[in-house]
Amino acid sequence: MKYILVVDDEKIFQLTLLDGLSTFERDFRVLTAENGKDAKDILKVFPVDLVVSDLKMPESDGFELLAYMKKSHPRTPVIVMTAFGNPELEKCLGSLGVHAYLEKPFDFYDLTNKIYTGLASQNK
């Protein structure tokens with residue numbers, strides 16, 4: 001079974017994603033964290049196959065999580081979602097090895113496609 005970690009401090013958004021992604025539980029299970037610190041704690045003890053993370057979060061933001069992922073889990077695909085996107089940010093995220101980037105609000109179908117593409121990239 002594959003595991004996805006969704007990291008976002010907006011609880012309602014997180015629950016909405018969790019509910020929508022439950023449709024795909026035959027393919028993967030979803031874990032959640034409210035910030036980068038909690039995500040790192042999960043990643044240290046649990047084998048996660050893909051991370052979907054917001055950038056702006058309290059305590060430890062998405063950039064800190066990306067730095068940790070690049071160092072400690074370089075083969076784990078990361079999908080970044082943000083409401084504050086711009087071309088410069090997109091370029092920066094590419095240099096950090098981000099698998100995909102989505103601007104909030106985004107199309108749920110687009111997210112699921114990027115999740116499946118990210119999971120498939122691990123099998124190569």
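The model is predicted, so local features need pLDDT of at least 70 and side-chain atom pairs count only at pLDDT 80 or more, while totals for chains, interfaces and linings use all residues. Residues are numbered from 1 along each chain as its sequence is written, and side-chain values use heavy atoms, with hydrogens and water left out. Helices (H or I, at least four residues) and strands (E, at least two) are DSSP runs, numbered from the N terminus.

**Helix α2 against helix α3**

- The axes of α2 (residues 36-45) and α3 (residues 62-72) come within 9 Å and cross at roughly 20°. Axes are lines fitted to C-alpha atoms, for helices over the stretch in contact, and angles run from 0 to 180 degrees between N-to-C directions.
- α2 and α3 are therefore roughly parallel to each other. Angles under 35 degrees count as roughly parallel, over 145 as roughly antiparallel, 65 to 115 as roughly perpendicular and the rest as oblique.
- The crossing of α2 and α3 is right-handed: the near helix is turned clockwise from the far one by less than a right angle.
- On the α2 side, the contact is made by Gly36, Ala39, Lys40, Leu43 and Lys44, and on the α3 side by Glu64, Leu65, Tyr68 and Met69. Contact means heavy atoms within 4.5 Å.
- Five residues of this contact are nonpolar, one is polar and three are charged. Ala, Val, Leu, Ile, Met, Phe, Trp, Tyr, Cys and Pro count as nonpolar, Asp, Glu, Lys and Arg as charged, and the others, Gly among them, as polar.

**Other helix pairs**

- α3 and α4 pack at about 25°, with their axes 11 Å apart, which makes α3 roughly parallel to α4.
- Phe63, Leu66 and Lys70 of α3 meet Leu89, Cys92, Leu93 and Ser95 of α4. This contact has five nonpolar, one polar and one charged residues.
- The axes of α1 (residues 11-21) and α5 (residues 108-121) come within 12 Å and cross at roughly 65°, so these helices are roughly perpendicular to each other.
- Leu17, Gly20 and Leu21 of α1 meet Phe108, Leu111, Thr112 and Ile115 of α5. Here the classes are five nonpolar, two polar and no charged residues.

**Nonpolar cores**

- In soluble globular proteins, nonpolar side chains tend to be buried together.
- The largest nonpolar core has 19 residues, and those with the most contacts inside it are Leu5, Val7, Leu43, Val51, Leu65, Val80 and Leu93. A nonpolar core is a set of buried Ala, Val, Leu, Ile, Met, Phe, Trp, Tyr and Cys residues joined through side-chain atoms within 4.5 Å.
- Two or more residues of this core come from each of β1 (2-7), α2, α3, β4 (78-82) and α4 (87-95). α3 gives the most, with four residues.
- Leu93 touches Leu55, Phe63, Leu66, Val80, Val98 and Tyr101, not counting residues up to four places away in sequence.

- Ile115 lies in α5 and is buried, with a relative accessible area of 0%. Buried means under 20% relative accessible area, exposed over 50%, and partly exposed in between (1.4 Å probe, protein chains only).
- Not counting residues up to four places away in sequence, Ile115 touches Ile4, Leu21, Phe28, Leu50, Val52 and Ile79.
- Ala100 is in strand β5 and counts as buried at 10% relative accessibility.
- Ala100 and Lys114 are 14 residues apart in sequence, and their C-alpha atoms are 6.8 Å apart in space. Residues touched by Ala100, beyond four places away in sequence, are Val78, Ile79, Val80 and Lys114.

**Loops and backbone**

- Most residues other than glycine have a negative phi, and most peptide bonds are trans.
- Glu59, in the loop between β3 (50-54) and α3, has a positive phi of about 70° although it is not a glycine. Glu59 counts as exposed, at 61% relative accessibility.
- The peptide bond from Lys104 to Pro105 is cis, with omega near -10°. Pro105 is in the loop between β5 and α5.
- Phe106 is also found in the loop between β5 (100-103) and α5. Leaving aside neighbours within four places in sequence, Phe106 is in contact with Phe13, Leu17, Met81 and Leu111.
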